[in-house]
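Work through the exercises below with the sequence and the 3D structure open. Try each task before reading its solution.

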Amino acid sequence: MQPMPNATVEPKSDPAKVAAVTARSLSIFFGNHAVLKNVSIDIGARAVTAIIGPSGCGKSTFLRSINRMHELNPDARMEGEIRLFGDDIYSRDVEPVVVRRRVGMVFQKSNPFPTMSIAENVTVGLRLNGERNKKILASRTEESLRMAALWDEVKDRLHAPAISLSGGQQQRLCIARALAVQPEVLLMDEPASALDPLATQKIEDLIIELKKDYTIVIVTHNMQQAARSSDFTAFFYLGELVEFGPTTRIFTNPVQKRTEDYVTGRFG
Amino acid sequence: MGSSATSHMGDRVFKGLTLAMALSVFVLIILIGFELAHGSSTAIRQFGWRFLISSDWDPVNEKFGALPFIFGTLVSSAIGLLIAVPLSIATAVYLTELAPLWLRQPLTMFIELLAAVPSVILGLWGIFVMVPWLSGHLFPLLQKYLGFLPLFQGAIYGPSIFAGGIIVAIMILPIITSVSREILRSVPGLQREAAYALGATRWEVTRIAVLSYAKKGLFGAVILGLGRALGETMAVTMVIGNSPQIVKSLFAPGYTLASVVANEFSEATTDTYLSALFEIGLVLLGVTVLVNALAQLLLKTFAGPGVKPQN
Amino acid sequence: MTVSNHHWRKAINVFMQALTFVCAILVILPLLLVFFYLLKQGAGAVNWAFFTELPKPVGEVGGGMANAILGTFILILLASCLGVPVGVLGGVFLSEYRHRQLNWWIRFTADIINGVPSITWGMVVYALIVLPMKGFSTLAGGVVLGLIMIPLIMRTTEEVLQLVPNGYREAALALGIAQWRVIVQIVLRTALKGIVTGVMLALARVAGETAPLLFTAFGNAYWTHRLTEPIAALPLQIFNYAISPYDDWHRQAWAGALVLILLISGINICVRTLTRDRFSKRA
């Protein structure tokens, strides 16, 4: 079902050979309710993988299980395994905090910290983890804002409050904030759903640029967006991974009937 | 860079610290109960149950009975509630349902300012403005027209149980009004819309959709007011006359549980005297804790998180 | 529905609106009367001497409440040292760490304590501090006010923290920041204004408390120099002067009351203005 080459799980042996994120028999329960059922997938590095599916299919939960954010729900329970470049992120001696430094996240609703300036927002992850070197902070700020395609627009007002930016700019600021800690994987939960078409376009262009250096997993309910910007697509339905493969194949020649029904708009 | 070990440690220490601070409320309530019980132990041993039913308050001969104060507290609180509850709920209804929009904020602000007036200042006004007016105008009027009732007979001095009741009413008006307001505001709009759709007038909507739905919460607001009335100290002390007697006339001076402690605690000369006052405090504590617990339960089970904690 | 019935219902509607309006006026009437008399009696009595001089001996005319004014400030400062850390941190726990049963009991207990008459607190601190120290003291006064502040500040802090949108917590956690840092450096920082106003309201409340100070701080005719000495406070002074037989002391009681109410109202109005945005959104 996953025609993914190099799906080995040797820890850190050969970066090109090890998948960025592998899940094996992953099931997640909130209380007694199974939100994800027996999901196994290999997500490739330096590519954009889109997660699609109708509401309630578990795609957001799957995304949040990669950086252990689903654990914020006190009734959450997990079975199975997730590995990040070969490392088991749920093993007993791994703190969620450590996982979250390796995996960045951008949310549906942009949420720059309101009491901080633009520059402070970008570096907050670094500073609160102990980085004090002003040179590093300054260079990382510029670097992240450039990668987020925001530098030119804000370089003259880095100390302005972050909330003075427009919605689309705020979202790119959140992307810069996530990139500043140099994560290995970037998770995006419907990052453009609250934005107008122009801002959405900018985000999509940004994603295509970023994939040269980052592994990106993006949840989207917008199938055209998935078709436009991703390399691989995973279709979830009612908590199960129905099909996973190159985007072009999923949208033009899917193997599973349910996938075909969804992408052609027969339901969802 | 902060390692995961130190951040884990930081999390545990911080959680432990905040937990300890939060648990302090349990320490506080146990502390009050314990200290008052401990302080009253001498009196309890000496007087037993008779303390609550004896009306003999005689510090000189070391005889102590709390009945006059229980009576005074109950009567002044009852008068206070009788006056305050209808006024407060009517005001809350006006503020949430019937008043023109531009008037609501300023009126609410006034009422919240009244809530901020300390008891002693109201008492000051009570001694020098309210009581003279009462003994000069209202009391004689009541005696003239309602003097056939034993309640309104007897000599008029000014400081009296009635004055105490009125001042309790003034003190509890803001809290009953503002809690009632929160309760009424939390009634879902759908209820009102359903009534409007039936062609009801504004008052009818209030009566049918809002008040009956909010009954339980409003009752909770009233009980909260009662709790406050029972413990009202300074303003009452300044206008009630401070005489430990049980008389039928509302114009006679009275004495409440809180007032006797306020007046006599620092003058208590003997251990028994002090202990008797502690026991009075214990009675007051027990009653207010029970009443407040009841009020909180009513408010919490009605309105949920929408109602602010009132103090 | 007949025509006459319609008129009757309209009449009742108007009548009830008028009736409840009258009730509302009656409710704010005492406030207006109190303020009126405070201004009338107090404004004339407030003079420079009032703010700078100590009380004169019994029966003599003149003097002021300088020590009482200072005393009130000292007491609420001391009270904050106890009330603010315990109250704010306790409120943080209630808001940020979800333990449904435990948190319910903590809230319930705090709300009950908030309704307990403040005079009982005076008795408790008398037994705890005044008796062992064999005397009334500033310390006892500060402690009793601080104890009263704890559950007040705890609940207002919790309320304010709950208003911080969860999105900020999630964004910060997703950056790999430790939870305690998220709470302190993101959540608390965002809610700071609300917490400060909650503290200010609590201060305004205890500044006017008299009963618990009656046998803890006790009052002082002179300046206080040590924590172990009794201290004068505005509400105490107002009370003692009001119930005294001396006209001049009555006059000064009004002056003291005016100063006190201006202090308290000032804090309240300040707070309302600062939080006006928050309130108008809720309305």
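**Exercise 1. A helix of chain C**

Where in H6(C) does a kink lie, and shortly before which proline? Then check the length of the helix and its surroundings.

Solution. The model is a predicted one.

Step 1. The kink in H6(C) lies at Met149(C) and amounts to about 30°.

Step 2. Helix H6 of chain C covers residues 138–162, which is 25 residues. The expected span is 1.5 Å times one less than the number of residues. For H6(C) this gives 36 Å, and the end C-alpha atoms are 36 Å apart, so expectation and model agree.

Step 3. Of the 25 residues of H6(C), 23 are buried, and the helix is therefore mostly covered.

**Exercise 2. A tryptophan**

Is Trp121(C) buried or exposed? Find its helix and its contacts.

Solution. 

Step 1. Trp121(C) is placed in helix H5 of chain C.

Step 2. A residue is buried if 20 or more other C-beta atoms lie within 10 Å of its own. Trp121(C) has 26 C-beta neighbours inside 10 Å, so it counts as buried.

Step 3. Leaving out residues up to four places away in sequence, Trp121(C) touches Val144(C), Leu147(C), Ile148(C) and Pro212(C).

Step 4. Trp121(C) and Val143(C) are 22 residues apart along the chain, and their C-alpha atoms are separated by 9.8 Å.

**Exercise 3. Chain B and its helix H3**

How many helices and strands does chain B have?

Solution. 

Step 1. Chain B has 11 helices and 2 strands. Along the sequence they follow the pattern α-α-β-β-α-α-α-α-α-α-α-α-α.

Step 2. The C-alpha trace of chain B spans about 70 × 65 × 35 Å along its principal axes. The chain has 311 residues, and 51% of them count as buried.

Step 3. Among the contacts in chain B with a separation of 6 or more, 78% are between residues 24 or more positions apart.

Step 4. H3(B) has 32 residues and reaches 44 Å from its first C-alpha to its last, close to the expected 46 Å. The helix bends by about 30° at Ala84(B), and the proline Pro86(B) follows within four residues.

Step 5. In H3(B), 25 of the 32 residues are buried, so the helix is largely enclosed by the rest of the structure.

Step 6. The axes of H3(B) and H6(B) come within 6 Å and cross at roughly 35°. This crossing is right-handed. The residues of the contact divide into 19 nonpolar, 11 polar and 3 charged.

**Exercise 4. Two positive phi values**

What is phi of Ala149(A), and what is phi of Asn242(B)? Compare where the residues lie.

Solution. 

Step 1. Most residues other than glycine have a negative phi.

Step 2. Ala149(A) has a positive phi, near 60°. Asn242(B), not a glycine, has a positive phi of about 55°.

Step 3. Ala149(A) lies in the loop between helices H4 and H5 of chain A. Asn242(B) lies in the loop between helices H9 and H10 of chain B.

Step 4. Ala149(A) has 18 other C-beta atoms within 10 Å, so it is partly exposed. Asn242(B) has 21 within 10 Å, so it is buried.

**Exercise 5. The contacts of chain C**

How many residues of chain C are in contact with chain B?

Solution. 

Step 1. In the contact with chain B, 72 residues of chain C meet 78 residues of chain B. The largest share of this side of chain C, 18 residues, comes from H1(C). Its residues divide into 52 nonpolar, 14 polar and 6 charged.

Step 2. The contact of chain C with chain A takes 16 residues from chain C and 20 residues from chain A. H7(C) gives the most to this side of chain C, with 6 residues. Here the residues of chain C divide into 8 nonpolar, 4 polar and 4 charged.

Key
Residues are numbered from 1 along each chain as its sequence is written. Chains are lettered from A and ligands numbered from 1 in the order in which they are written. This is a predicted model: local features need pLDDT of at least 70, side-chain atom pairs count only at pLDDT 80 or more; totals for chains, interfaces and linings use all residues. The bend at a residue is the angle between axes fitted to the seven residues ending there and the seven starting there. A residue is buried if 20 or more other C-beta atoms lie within 10 Å of its own, exposed if 12 or fewer, and partly exposed in between; C-beta atoms are placed from the backbone. Two residues are in contact if their C-beta atoms, placed from the backbone, lie within 7 Å. Ala, Val, Leu, Ile, Met, Phe, Trp, Tyr, Cys and Pro count as nonpolar, Asp, Glu, Lys and Arg as charged, and the others, Gly among them, as polar. Axes are lines fitted to C-alpha atoms, for helices over the stretch in contact, and angles run from 0 to 180 degrees between N-to-C directions. A crossing is left-handed if the near helix is turned anticlockwise from the far one by less than a right angle, and right-handed if clockwise.
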